[in-house]
Amino acid sequence: MYRTNFAQRPDYVKRLEELGFSYWNLPSGPLKKPYWSEGACYVFKESEVDAIQAATQELHFMCLDMVDQIVTSGDYPEYFKLNNLEKSLIEQSWKDCVPSLYGRFDLVYKDPKNIKMLEINGDTPVSILECSVAQWNYIQEAEDIPDNMRIQYNMLHETLIERWKEMFPQGTKLHFAASAGFRHEDWGNLIYLMETAVEAGMVCKDINMQDIGVTAEGQFVDLQDQPIENIFKLYPWEWMVDEEFSKYIPKAATNWLEPAWKMMLSNKAMLVKLWELNKGHDLLLPSYFNESELSDGTWCKKAIHGREGSNIHKVVRNFGTTVSDDIAQGSHKVPEYDKWGYMYQQWHDLPVHDGYKPILGSWVIGDKACGMSVREDPNDVTGNDAHFACHVFIPEE
């Protein structure tokens, strides 16, 4: 893997905004440059892409196995901080085999034998619009990319359409929801996913989470009092169960996507359980809940429900004691995330390319690993200031 720069398209702003990618120019990095780094591109060998895809597929099934073991045994580790409502929703959705649309693993990649999982965004992952159609269009349209390099590990768009067809018969009514106060990024991703469902033959309608109503019989309805039977919500489950309407979820005839069992994978405490079940696995980093379990060295302290690189500390242990516990470079504090607690993962430095530290977003649609994005940040933590870069790979005979 190496980083390079290809030409910017003369009309790239128009091309991005035609896709609904209205947040391409969010100020990012210390110089507040646009989030979309037009021209920045990481080049991989085909064998490297094969290794990333295989690692993602293996991690996906490891995660599903972890969920199955916990739900089947009923032994929910205390450090997941789940209440009784959450446990019952998880159990019911898992036993009913409620399907998942998608998820994104965040990976550190150095070479095919050095791939490490940092976490999985299992409930509300974003950046799929730019990963799917925006970066594909770029590598097809940039003038100076050699023709043999206009290849990308990116089957996201067609696989999303296939997945919708697998989950629902054509003509199924689907609602799509996010919070009215969410960022342009969230709504851009939501509308893109809705468009893929329309392409798959679904009848779709968007709604603000705040506008969802409940009838006297406990049925969720939209603003036209039409029943909400199937809904994709870009809204975290840990927020949903804190809402007043959460008491209606167990008995309402509403199918929620992502399903409630994804609460097990949107919680960074899962890294602790995953390590416990697969200790020493090459793709995993040692992860613990209690500070007393940490060996000497450097550790990453993560809020179990932190987002966008928030609430990440760099912890140094020496002779069995904590020498320092400071907010990591590039992270930021969100006080509301403190209430769920923290876990610890062994610190793993990111590679450096032209002053940037890339992290791979490796996507799973349904059960299929099928695409990749690169976010790069000059800081130690990939956070709000990260840039999006494209990628290509070189086919091998």
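Entry 1: I then looked at how strand 5 and strand 6 pair: they are antiparallel, with 7 bridges between strand 5 (residues 102–111) and strand 6 (residues 114–121). The two form a hairpin, and 2 residues lie between them. A reminder to myself that this is a predicted model.

I also looked up strand 18 (residues 357–365), which runs antiparallel to strand 5 and is joined to strand 5 by 6 bridges. Here I noted that Tyr 102 has Ile 365 of strand 18 as its bridge partner. How many residues of strand 5 are buried? I found 8 of its 10, so I wrote the strand down as mostly covered.

**Entry 2: helix 4.** Next I turned to helix 4 (residues 128–141) and checked its length. With 14 residues at 1.5 Å a residue, the helix should span 20 Å, and its end C-alpha atoms are 20 Å apart, which agrees. I did note a bend of about 35 degrees at Ala 134.

Among the buried ones I listed Ile 128, Leu 129, Glu 130, Tyr 138 and Ile 139.

**Entry 3: an arginine in the loop.** I followed the chain to Arg 150, in the loop between helix 4 and helix 5 (156–167). Arg 150 counts as buried, at 17% relative accessibility. Its side chain reaches the backbone oxygen of Ile 139 at 2.8 Å, and a polar atom of that side chain lies 3.2 Å from the backbone oxygen of Gln 140. Leaving out residues up to four places away in sequence, I found that Arg 150 touches several others, including Trp 136, Glu 141 and Ile 145.

**Entry 4: cysteines.** How many disulfides does a search of the whole structure find? I got 0. I looked into two of the cysteines. Cys 131 is buried, with 0% relative accessibility, and its sulfur is 8.8 Å from the closest cysteine sulfur, in Cys 370, which is too far for a bond. Cys 97 is exposed, and its relative accessible area is 62%. For the sulfur of Cys 97 the closest cysteine sulfur is in Cys 63, 18 Å away, so this pair is also too far apart for a bond.

Note on methods. Residues numbered from 1 in each chain as written. Predicted model: local features only at pLDDT ≥ 70, side-chain atom pairs only at ≥ 80, totals over all residues. Heavy atoms only, no water. Helix = DSSP H or I, 4+ residues; strand = E, 2+ residues; numbered from the N terminus. Expected span 1.5 Å × (residues − 1). Bend = angle between axes of the 7 residues up to and from the residue. Buried < 20%, exposed > 50% of the residue type's maximum accessible area, 1.4 Å probe, protein only. Disulfide = S-S within 2.5 Å. Polar contact = N/O pair within 3.5 Å; in protein donor to acceptor, adjacent residues only side chain to side chain. Contact = heavy atoms within 4.5 Å. Pairing = 2+ DSSP bridges.
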